[in-house]
Amino acid sequence: MNLFNAEQLTKSYGMKTLFENISFSMEQGDRIGIIGVNGTGKSTLLKIIAGIEVPDSGTITKSNGLTIQYLPQNPEFDPQATVLEQIYQGDSPLMKLLREYGTVMQQLTQEPENPRLQAKMMELNSQMDALDAWQLEAEAKRILSKLGIDRFDSPMHLLSGGQRKRVMLASTFIRPVDLIILDEPTNHLDTDTVDWLEQYIAKNRVSLLMITHDRYFLDRVANRIIELDHGKLYSYSGNYSTFLEKKAERLELQEAAERKRQNLLRRELAWIQRGAKARTTKQKARIDRFEELESRKPVSENKELEIALEGSRLGKKIIQFEHVNKSFDSIKVIHDFSFLVKKHDRIGIIGPNGMGKSTLLKLISGQLEPDQGNILIGETVKIGFFTQEAQEMDESLRVIEYVKEGAEQIRTTDGNTLSAAQMLELFLFPPDMQWTPISKLSGGERRRLYLLRILMESPNVLLLDEPTNDLDIQTLTVLEEFLEHFPGVVIAVSHDRFFLDRVAETILSFEGSGNIDHHVGNYTDYMELRALRAKLSPDQAVGAVVTKPEAAPAARKKENRPLKFTYKEQQEYDQIEDRIAEAEQALEEVGQEISEAGSDYERLQQLTAQQRELEQQLEHLMDRWTYLSELAEKIEQSKKTQ
């Protein structure tokens with residue numbers, strides 16, 4: 001069944017055209033993801049489909065009786081309503097009945113012998129039976145519980161931002177509608193909640209039109225992708241992976257068309273330069289064709305970030321946590337946490353909302369102090385902190401003026417410099433946007449600008465608190481490319497599984513009661529380990545992580561001796577980081593050779609064997625580095641206690 005047809009839609013704000021003459025339709029069962037750079041009109045398009053805004057021109061034809069539920073990025077709510085009252089907001093007879101039933105039930109708990117209330121409750125019970133409302137009430141409570149909301153009588157104003165978002169999400173999904181429209185539904189949701197949401201959508205086969213930057217969510221939920229790019233709309237059947245393949249094909253065709261245009265332009269230019277005069281109709285037509293070819297500007301694709309910024313020099317000592325504890329009132333969020341941050345670390349911090357992830361970053365930045373324990377920061381450390389709540393911006397400033405307040409230019413590792421204008425282009429602010437007042441930017445564009453301002457200040461330790469919220473996919477790709485070449489330390493709190501898989505090499509997982517587990521690997525590695533633990537008994541699960549055999553008598557005697565490196569261990573410790581870097585470089589070079597070997601089967605066999613050998617060598621070096629680093633830490637601790 002066709003849900004709606006959107007034909008020739010155009011929308012502008014002031015002098016800026018968001019999209020022009022775009023058309024698309026939606027069928028029942030479609031789950032469409034809309035992507036594009038912030039400021040291209042994605043949210044505006046959703047509002048037009050939902051009937052909240054109107055296009056400048058064009059039409060939307062909806063099927064008879066089409067019902068739509070729209071959830072914006074920042075939904076409005078009644079601060080005095082309870083969770084269930086908020087869930088049942090709406091003008092449908094069913095929602096009105098559920099609200100009235102809840103009100104009378106609450107009154108009966110206060111006046112259980114009131115005959116008027118008892119009679120009213122009997123009447124409402126009959127109406128609930130007639131409309132089959134019991135099932136909806138049970139479903140609402142079930143969804144709320146799955147989303148981590150178990151106090152149904154809590155007032156909305158007492159909930160955190162993430163909890164409110166989950167209540168509004170539950171409210172959206174319990175209503176019987178034909179089409180659900182979601183604007184960034186995964187923002188502020190932890191990874192477990194996003195997993196549940198994916199499964200719920202798949203199971204219930206809802207028709208869905210959504211904006212999201214969560215690429216795994218798009219890959220697992222969407223069956224169609226719509227891209228808004230330079231005012232045009234491109235539609236692709238399939239999920240996010242399919243979209244990437246098909247877009248690459250489109251860009252190749254586009255590049256071929258541009259090469260053809262350039263060749264035609266050169267030929268026409270040569271003819272014009274020979275002194276053609278517009279005396280005949282034929283000559284006039286050829287001159288017109290040249291002018292038309294010249295006026296066609298190719299759509300420029302945003303360049304990938306292929307630079308490595310120099311950053312500030314980082315010494316050997318970075319950040320060390322020593323038995324850190326932190327509580328708020330009686331709630332312990334960090335318990336006896338010890339950890340050593342090393343040069344070039346890429347650390348992802350995960351866990352349910354409200355567990356203390358942001359608190360950990362604030363402790364590092366000095367915004368908070370630990371209740372117990374110490375956080376030692378190296379003298380050369382220069383922290384850049386990208387917070388969830390962006391700093392207040394002077395909206396009268398222009399984009400380039402704001403960035404220049406951080407720095408006029410920034411050095412790269414090859415000794416060159418990039419100006420503020422060049423960095424703005426790399427972060428998707430073309431020259432015609434750089435003199436735009438900040439007041440004219442969208443929320444996502446401001447987040448991107450705030451991020452760039454921090455990077456322009458050349459930090460060597462980056463703290464990123466939910467960096468993917470409100471950033472579009474192209475900006476995330478640019479950020480991930482940047483972090484790949486960033487010469488310092490990255491510590492990121494994120495619920496974005498794709499981002500964590502691409503950036504993190506170590507995971508710190510908040511497990512409850514202030515306990516923080518440490519896992520080597522990215523997010524997918526951590527999830528595989530967690531799945532393995534779930535299959536084992538508690539004793540086996542612990543053994544799967546750490547096995548500590550009881551020390552032999554001779555070993556126990558040695559414990560009383562001063563702890564120190566042997567001569568060979570000291571030499572190995574001094575050289576091992578360089579050896580790891582050399583092995584990584586060799587592995588990268590072999591990988592490049594494999595990609596260039598093509599169909600040379602014999603050469604591929606040799607390179608693959610070499611790759612396996614290098615991987616084993618690197619794994620051995622990493623094991624030795626871990627052992628030696630832990631030993632160095634113990635030696636340092638023993639010196640302090642002597």
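Guide: Two strands pair if DSSP finds at least two bridges between them. Strands are DSSP runs of E, at least two residues, and helices are runs of H or I, at least four, both numbered from the N terminus. Strand 3 (residues 31-35) and strand 8 run parallel, joined by four bridges. This is a predicted model, where local features need pLDDT of at least 70, side-chain atom pairs count only at pLDDT 80 or more, and totals for chains, interfaces and linings use all residues. Residues are numbered from 1 along each chain as its sequence is written, and side-chain values use heavy atoms, with hydrogens and water left out.

Visitor: Which residue in strand 8 is the bridge partner of Ile 32?

Guide: Arg 224.

Visitor: In which sense do strand 8 and strand 9 pair?

Guide: Antiparallel, over six bridges, with strand 9 covering residues 232-237. Leu 228 has Leu 233 as its bridge partner in strand 9. The two strands form a hairpin with two residues between them. His 230, in the turn, has a positive phi of about 55°.

Visitor: Is strand 8 buried or exposed?

Guide: Buried means under 20% relative accessible area, exposed over 50%, partly exposed in between (1.4 Å probe, protein chains only). Six of the six residues of strand 8 (residues 224-229) are buried, so the strand is largely enclosed by the rest of the structure. Arg 224, Ile 226 and Leu 228 point one way; Ile 225, Glu 227 and Asp 229 point the other.

Visitor: What does Thr 475 touch?

Guide: Contact means heavy atoms within 4.5 Å. Thr 475 touches Leu 428 and Arg 448, not counting residues up to four places away in sequence. Thr 475 lies in helix 15 (residues 473-485) and is buried, at 1% relative accessible area.
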